[in-house]
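The following paragraphs go through one structure, starting with the place where two chains meet and ending with a single chain.

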2 protein chains.
Amino acid sequence: MPSGGARIRSEQLEAMAGIIHRKKTSRRFATALSKLIDLPTGKVKDSDLDPKYVAAAKEWRRDYVHDIALPSAFIKEFAKLTSHSMIAWRAAKKENAFEAFAPYLERIVNLCQKKADLLGYRDHPYDALINEFEPDVTTQEVDALFSNLRTHLIPLIKKTALQPINDEFLFGDWDEAKQMAFGHYLLETMGYDREKGRVDISAHPFSSSSHPTDSRMTTRIHPKNLMSNIFVILHEGGHALYEMGLPQDLYGTPLGEARSLGIHESQSRWWETRIGLSKPFWQYFFPLLKETFKGQLDRITLDQFYRAINKVKPSLIRVEADQMTYPLHIILRFELEKALIEGSLKVSDIPNTWNAKMLEYIGLTPTTNVEGCLQDIHWSMGAFGYFPTYTLGNVYAAHLFEGFARDHSDWESHVAAGELGFIKQWLHEKIYRHGKRYPTQELLKEATGKTFSADPYLHYLERIH
Amino acid sequence: MPSGGARIRSEQLEAMAGIIHRKKTSRRFATALSKLIDLPTGKVKDSDLDPKYVAAAKEWRRDYVHDIALPSAFIKEFAKLTSHSMIAWRAAKKENAFEAFAPYLERIVNLCQKKADLLGYRDHPYDALINEFEPDVTTQEVDALFSNLRTHLIPLIKKTALQPINDEFLFGDWDEAKQMAFGHYLLETMGYDREKGRVDISAHPFSSSSHPTDSRMTTRIHPKNLMSNIFVILHEGGHALYEMGLPQDLYGTPLGEARSLGIHESQSRWWETRIGLSKPFWQYFFPLLKETFKGQLDRITLDQFYRAINKVKPSLIRVEADQMTYPLHIILRFELEKALIEGSLKVSDIPNTWNAKMLEYIGLTPTTNVEGCLQDIHWSMGAFGYFPTYTLGNVYAAHLFEGFARDHSDWESHVAAGELGFIKQWLHEKIYRHGKRYPTQELLKEATGKTFSADPYLHYLERIH
C-alpha cells in the first residue's frame with residue numbers, strides 16, 4: 001500500500017469493523033443464534049444437532065458474548081489510547097526513555113484490567129486477556145507449563161551455549177534474486193499453490209489470507225544473511241498453508257477459520273524449526289543451496305551447516321533469539337504481564353524486574369531499556385495476552401510432530417529425498433480441514449492420540465547438538 | 001490477485017455492492033435526501049443552499065433515481081447473462097465463430113433495451129445507456145459530433161496515410177528494466193506522487209483509485225516495442241493524477257468523484273497524445289531516452305522519432321489504432337450500437353455491416369470476424385454506451401488544450417525544458433479539484449471560457465504531419 005494511503009485505509013477498516021460489529025451484535029443475529037444455543041448458558045438446544053453445528057454454534061456464541069461485553073465507548077477509548085501509545089513507544093524507544101512511555105503503559109494496564117472485568121473471568125483477570133488470542137487456556141495452565149519449561153531450559157541453555165559453533169559463513173554477500181528464487185522453490189516444494197497466493201517483500205514479514213484461495217505472504221531479503229529469507233519463507237509459508245487448507249465449503253463460519261493463534265504458530269514453527277532445522281531436510285536442500293550460490297559454500301559440509309543454523313547463543317533481542325532461548329523471552333514477558341494485570345508489579349518497576357529476570361534466565365543484562373523492556377511494540381498496542389501464543393505454538397508443534405513421526409516413521413528418508421508433500425497432507429488431515437471444529441486440547445489429542453504434553457518439546461530441545 | 005482467488009473476490013464484491021445498493025436505495029437515505037431535493041422532480045428545496053451542495057444533491061438524486069429504477073431481479077439477470085456471455089465471447093473469438101456468440105448478443109441487446117425502458121429516456125433508448133457512462137449527453141448530440149468527425153476524418157486519413165514514414169526502429173530489443181526506469185522517471189516528472197500510489201505490471205493496463213491518497217496503476221512492458229510502456233505510463237498516469245487531485249475533504253460525496261468517463265479519458269489522452277506525442281516533449285525527453293538505451297537510437301534524429309510515433313496507418317484492430325483512425329473505430333461501434341438498440345439492425349447483420357463500414361471509413365476489410373466484430377469484450381459485458389466515451393475524451397482533451405495553450409502561450413518552451421509541473425497545476429485548477437461540481441459542458445466552459453466545440457480536435461488532427 002502507498003504510505004500516503006494509510007490514513008484512509010484505517011478509516012475504511014474502522015468503518016468495515018463497525019458494520020461487522022453491529023451485525024454480529026444485532027438483535028437479529030442474537031435471535032437466530034438463540035434458536036441453536038442458549039446465549040446466557042451456552043447450552044445447545046437441540047440434542048440431535050450434528051456435532052459440527054454444535055461446534056459452530058459454540059464458537060458463534062463465544063464471539064457474541066465477547067463482542068457484547070465491550071461497549072463501543074470502551075473500544076473507542078482503547079483504540080485511541082493505543083494509537084497514541086504506539087507513537088509514544090516509538091519515540092521512547094528512539095531516545096531510550098522508558099519514563100516517557102511509562103504513563104501510557106500505566107493507562108494501558110488500567111484499561112486491560114478494565115477489559116478483563118468487562119469480559120469476565122473465573123480465576124485470574126489475565127485469563128480474559130489471553131483468551132482473546134488463545135481460547136480455552138487458563139493463566140494457571142500457562143503458568144504451570146512455562147514454569148516447567150523455565151526449569152528445564154535455564155540449565156540446558158547454559159550447557160548448550162558452551163559449545164563453540166562457527167556460523168560466520170552464513171553471513172556474506174548473497175545475491176538477492178538467487179535468494180528469492182530459492183525461497184520460491186522451497187515454497188513450491190512445501191505445497192504452496194501460487195495460483196492461490198502470492199509472495200511480496202516487506203520490512204516485517206507476515207501472511208494474510210482472505211480465503212483459502214487467496215492466502216498471501218511476504219518475506220524479507222537480507223543481502224548479508226543467507227538464512228533470513230529461508231526461515232521466513234518456511235515460517236510464513238506454514239501459516240499460509242494452514243489458511244489454504246481450511247475448508248472452503250464452510251467459509252464464513254467458525255469451522256472455516258483457524259483454530260487459534262497458538263495453533264497457527266504451531267504450523268509456522270513446524271516448517272521453520274521441525275522441518276527447516278532438521279538434518280534430513282538439508283541433506284536434500286543443502287546441495288541445491290550450494291548449487292544456487294555457486295562457489296560460496298564449497299568448503300562447508302552439511303554437518304557444519306546443520307550445526308551453524310542450529311546454533312544456540314543467548315541474546316537480548318527476542319526477534320533475534322534462537323529456538324532454545326526464545327521461550328525464555330516469552331516466559332519473562334508472560335510473568336511481567338500477569339503481575340502487571342493482577343497488580344503485583346508497578347509499571348515503574350518493569351525495567352529492574354526485566355533486567356533481573358533476563359540475567360537469571362539467559363545470563364545477560366541489557367545495558368539500556370532499548371535492549372530490554374522497550375524492544376517490543378506489543379504492549380503499546382494493548383496486546384496483553386498475545387506473547388504466550390508464540391511459545392504455545394512451539395509446544396503444540398512438538399506435540400503434533402511426535403504423532404506425525406509415529407505415523408510416518410520413515411519421514412526422515414522421504415524428506416532427505418526432497419519429498420515434502422506427505423507432510424502437508426498429514427497436517428491437512430489432522431489440522432487444516434478441521435477449522436474450529438474442536439477445542440485446542442481436543443484437536444491436539446485427535447491428531448496424535450495422546451493428551452497434550454510439553455514433554456515432546458523438551459525432548460526435542462534437549463536433542464539439539 | 002492470485003488467479004485462484006477470482007471467484008471469492010467476485011463474491012465479496014457482490015456482497016459489498018449489495019450492501020451499498022441497499023443503503024443507497026433505503027428509505028432512510030431517501031428521506032434524508034428529500035430534505036435537500038425533491039426526488040420526483042429534482043427541484044432543490046432550499047433556494048439559499050450553497051451551489052456546491054446543490055450540485056451534490058443533484059448528483060445524489062441522479063444516482064438514487066438510477067438505482068431504484070433497476071429491480072434487483074433485473075440486475076441479477078443482467079449479471080448472470082453477461083458472465084456467461086463473456087465466456088461465450090472468448091470461445092467464439094478463439095474459433096472465429098460469430099454465430100456461436102450471436103444468440104448471447106441478441107439476449108444482451110434485448111436486456112439493454114429493457115434496461116433503457118426501466119431507466120427511462122426522452123428521445124432515444126440509447127440515451128439511457130450512454131448516460132450510465134457519460135451523463136447529460138444525448139444520442140443526438142453524439143450523433144451530430146461523430147458525423148462531423150467522420151466527414152472530416154475519412155478524407156484526412158486518406159491523405160495522411162499516403163506519407164511513407166519509417167517507424168521500424170521503434171521495434172527491437174529494449175531492456176525491460178530500463179523501460180521501467182524510464183517510465184518511472186516520466187511519471188515522476190508528470191507529478192505522480194509515489195507516496196500516494198504504486199505501479200505494477202499487468203497484461204491489460206489500468207488505473208484504480210480508492211482515494212486521492214491511494215491511486216494506483218499498472219503498465220505493461222513489451223520487450224520489442226519501445227513506445228508501448230511509455231504511452232501506457234502517460235495514459236494511466238493521466239487517469240491517476242486526476243484521482244489524486246480530487247478534493248480529499250469532499251471524499252465520499254459526489255464532489256469528491258471524477259466528473260465522467262469522458263472527462264477521465266480526456267485526462268489520460270491529454271498526457272498520452274497532447275503532451276506525449278508533441279515535439280517539445282521529446283525535445284527534452286528524446287535525448288534522455290537515447291541516453292537510457294545507449295547506442296540503440298544513435299542514428300535517429302528527433303524529427304525522425306517524432307514522425308515515427310505520430311505515424312498514421314489504418315489498421316483493423318481498435319486497440320492498435322493510431323490517434324487519427326481511432327475515432328472511426330469508435331464511430332462505427334456507436335452507429336452499430338445505436339441501430340441495435342433502436343431495432344434497425346439485427347444481430348445477424350452485424351458482420352456485414354461492420355465490414356462495409358470499415359471499408360468505407362478506413363479503406364480496409366477484415367478477413368475474419370476476429371479482426372472485425374468479435375475483437376472487443378465490451379458487448380459481451382453488456383457495456384452498450386461505453387465506446388463513445390473514448391472519443392468524447394479526445395474531443396474534450398482538445399477543447400481543454402486550446403484553453404491551456406491560451407493561458408500558457410509559452411507552454412512549448414517550458415515543456416521543451418522538461419518542466420511539466422505547470423500542466424498538472426492547470427489541470428488541477430480547471431478539472432481535478434472540481435469533482436462533480438459542474439456538469440460536463442459547464443466544466444469545459446468554465447475551464448476555457450469557451451463553449452465546447454469539436455473544432456480544436458479537428459484542427460489538432462489536421463496539423464499532424
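How much area do chain B and chain A bury between them? This is a predicted model, in which local features need pLDDT of at least 70 and side-chain atom pairs count only at pLDDT 80 or more, while totals for chains, interfaces and linings use all residues. Residues are numbered from 1 along each chain as its sequence is written, chains are lettered from A in the order in which they are written, and side-chain values use heavy atoms, without hydrogens and water.

The two chains bury about 1,600 Å², with 52% of it on carbon and sulfur atoms; buried area is the accessible area (1.4 Å probe) that two parts lose on being put together, summed over both. On the side of chain B, the residues that lose the most area to chain A are B:Pro2, B:Ile8 and B:Glu195, together 29% of what that side buries. The contact (heavy atoms within 4.5 Å) takes 20 residues from chain B and 20 residues from chain A.

There are zero salt bridges between chain B and chain A, a salt bridge being a side-chain nitrogen of Lys or Arg within 4 Å of a carboxyl oxygen of Asp or Glu.

The C-alpha atoms of chain A fill a box of roughly 70 × 55 × 45 Å along the principal axes. Of the 465 residues in chain A, 52% are buried, meaning under 20% relative accessible area with a 1.4 Å probe, protein chains only.

Conventions
Buried < 20%, exposed > 50% of the residue type's maximum accessible area, 1.4 Å probe, protein only.
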